[in-house]
Amino acid sequence: MTFEGRTAIVGAGIAGLGAARRIQQSGGTPVVFEAEDRVGGRIKTIRRDGFVFDVGAFIYLGSYAEATHEMRDVGLGPQMHKFDAFGAMPRGGELNFLDLSKPLSLLRTRYVSGRAKLKLAKLLFFLARHWKDLNYADASGVAAIDTDTVTSYSRRELGEELLDYVAAVVVRGPWLSDPSYASVGQLLWTLKNFFKPYFYGLDDGMDALPRAMAARLSDVRLATPVTNVTDAGDRVEVTFVESGRERTEEFANAVITTTTGAALRIYPQLSGFAREYYENTDYICSINCHIALSQRPSNPATYIMCSPREQPDLCGVIVDHLKAANRCPAGNGLLTTFCRHEWCLDNLDSPDDKVIDSVLAFIAPYYGDLSSQIVDYEIGRWRDVVPIMRQGRFRAVDRFMRETDPTARVQLAGDIGPIPGVNGALVSGQAAGDRVVDQLAATRSVVV
Ligand SMILES: Cc1cc2nc3c(=O)[nH]c(=O)nc-3n(C[C@H](O)[C@H](O)[C@H](O)COP(=O)(O)OP(=O)(O)OC[C@H]3O[C@@H](n4cnc5c(N)ncnc54)[C@H](O)[C@@H]3O)c2cc1C
């Protein structure tokens, strides 16, 4: 089989599918290899008895322009719905409800003191100054301010109250990360997202997007793990296991979209700063519990995010029956809990009942004792959730992006760019796909 014009895509997560779609739309021939028997990677949905458990990525944020564009492009428009991010944050055991769509109402909240509210203006000013630096294409602006952790920045500029009840909450909630090592750049990125205070729910579950993207591709090979990628100079050799047999095929180029550990194993030629960057990437761990209930709790918040002063181990709760349609039968409830990275590492192998008992105790102050209402559950145990955005990571991201060779036959993509998550991974995959399209176009013009 001729390799001309064919591109191997390793991984059918959102990055790999995004790369493949760009290449196919430009007339190329992507062949997607996926180790598992499903597409989506860290976007994973399990359906059972009317409950839809999003055990991988939980939400599509309102700020995810590329992901929502892709949803419409693959025909999911009719099942996209906007849901308000109506949050609650505990202080002194009491929940404070915060409607981010009404910023002025935040001035009235008793969640933080008047003094802290005044200091909050300083943080908002810092965000405004760097608003344009928080983009997926160029990390140089955010790299320039990557000299502080969230804790060091907050102690110096904001004080302990805003550190504990705002800054720490903002990096723990979405990222399960700790302010003592998270970069201040991650704080700003996350705050920027809060300015689009809604989520997009897909009626068929989070994985409806990768499934619809894959359905539009002509060659997606499931349960076909790649074991080696070799840049042979004028072509790329990809070795994979299909139906228990190892085979090698040749391609014009390849895009590797796996997590960094897997990429280092299958592509030993990876060199230069990219190798150092991949070797130094470590990931947040998550044990996320999805608890199906016989009754719908009356608490109206779409999500709860917790200060470490209130809940050392629980980062938050997402209320699935309010975050999207069709997540459970009418009258039933579905909650997702997520915990701090270090707690998850310690409990990664703990038995289900121990994990469920712990999280029920964490959320009891907000929902009461739910133990008698549980009708089903799923636990997502993920060693690699998203890269840890430690202080210094944004400078490394910037260098990695600047040193990416657009002519290299083997391209890298995934949630390895300026900010992790579904949209960052998609944008990274699309950009790698565009680089491949340029290579293929250059080859064609030489041949002509
Ligand atoms: C529990 C959890 C909650 C999250 N919540 C959110 C959220 O709410 N919002 C958000 O934006 N992001 C969230 N994320 C992060 C988001 O899911 C990821 O950043 C994003 O999906 C990464 O996509 P990717 O394509 O880069 O990688 P992946 O999805 O990991 O895709 C890589 C693919 O490569 C495959 N693969 C690996 N090795 C091989 C091999 N040798 N051969 C072939 N295939 C291989 C894998 O099976 C996988 O399918 C969450 C992640 C988790 C785990």
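At roughly what angle do the axes of helix H4 and helix H7 cross? The axes of H4 (residues 114-130) and H7 (residues 160-175) cross at roughly 75 degrees and come within 10 Å. Here axes are lines fitted to C-alpha atoms, for helices over the stretch in contact, and angles run from 0 to 180 degrees between N-to-C directions. H4 is therefore roughly perpendicular to H7, given that 65 to 115 degrees counts as roughly perpendicular, under 35 as roughly parallel, over 145 as roughly antiparallel and the rest as oblique. Ala116, Lys119 and Leu120 of H4 make the contact with Glu161, Leu162 and Val166 of H7, two residues being in contact if their C-beta atoms, placed from the backbone, lie within 7 Å. The residues of this contact comprise 4 nonpolar, no polar and 2 charged. In this classification Ala, Val, Leu, Ile, Met, Phe, Trp, Tyr, Cys and Pro are nonpolar, Asp, Glu, Lys and Arg are charged, and the others, Gly among them, are polar.

The model is predicted: local features need pLDDT of at least 70 and side-chain atom pairs count only at pLDDT 80 or more, whereas totals for chains, interfaces and linings use all residues. Residues are numbered from 1 along each chain as its sequence is written. Helices (H or I, at least four residues) and strands (E, at least two) are DSSP runs, numbered from the N terminus.

The protein chain is divided into domain 1 (6-43 + 206-281 + 390-446) and domain 2 (65-70 + 79-202 + 282-386), with bounds from an automatic or database domain assignment. The centres of the two domains, taken over C-alpha atoms, are separated by 30 Å. In the contact between them, 27 residues of domain 1 meet 22 residues of domain 2. On the side of domain 1 that touches domain 2, helix H9 (208-215), helix H15 (393-402) and H16 each supply at least two residues. That side divides into 13 nonpolar, 9 polar and 5 charged residues.

The ligand is surrounded by 38 residues, of which Gly11, Gly13, Gly41, Gly414 and Gly421 are the closest; a residue is near a molecule or strand if its C-beta atom, placed from the backbone, lies within 6 Å of it. At least two residues of the shell come from each of helix H1 (14-25), helix H10 (260-266), strand E15 (286-293), strand E19 (374-382) and helix H16 (422-447). The shell consists of 20 nonpolar, 14 polar and 4 charged residues.

Strand E12 (residues 236-242) is joined to strand E13 (residues 245-251) by 7 bridges. Threonine 239 stands opposite threonine 248 in E13, and glutamate 237 has glutamate 250 as its bridge partner. The hairpin of E12 and E13 has 2 residues between the strands, and serine 243 takes a positive phi near 50 degrees there.

The other sheet also has antiparallel pairing, with 3 strands in the order E5-E9-E6. Its edges are strand E5 (60-61) and strand E6 (80-84). E5 and strand E9 (residues 198-202) pair over 2 bridges, and tyrosine 60 has tyrosine 200 in E9 as its bridge partner.

Conventions:
Pairing = 2+ DSSP bridges.
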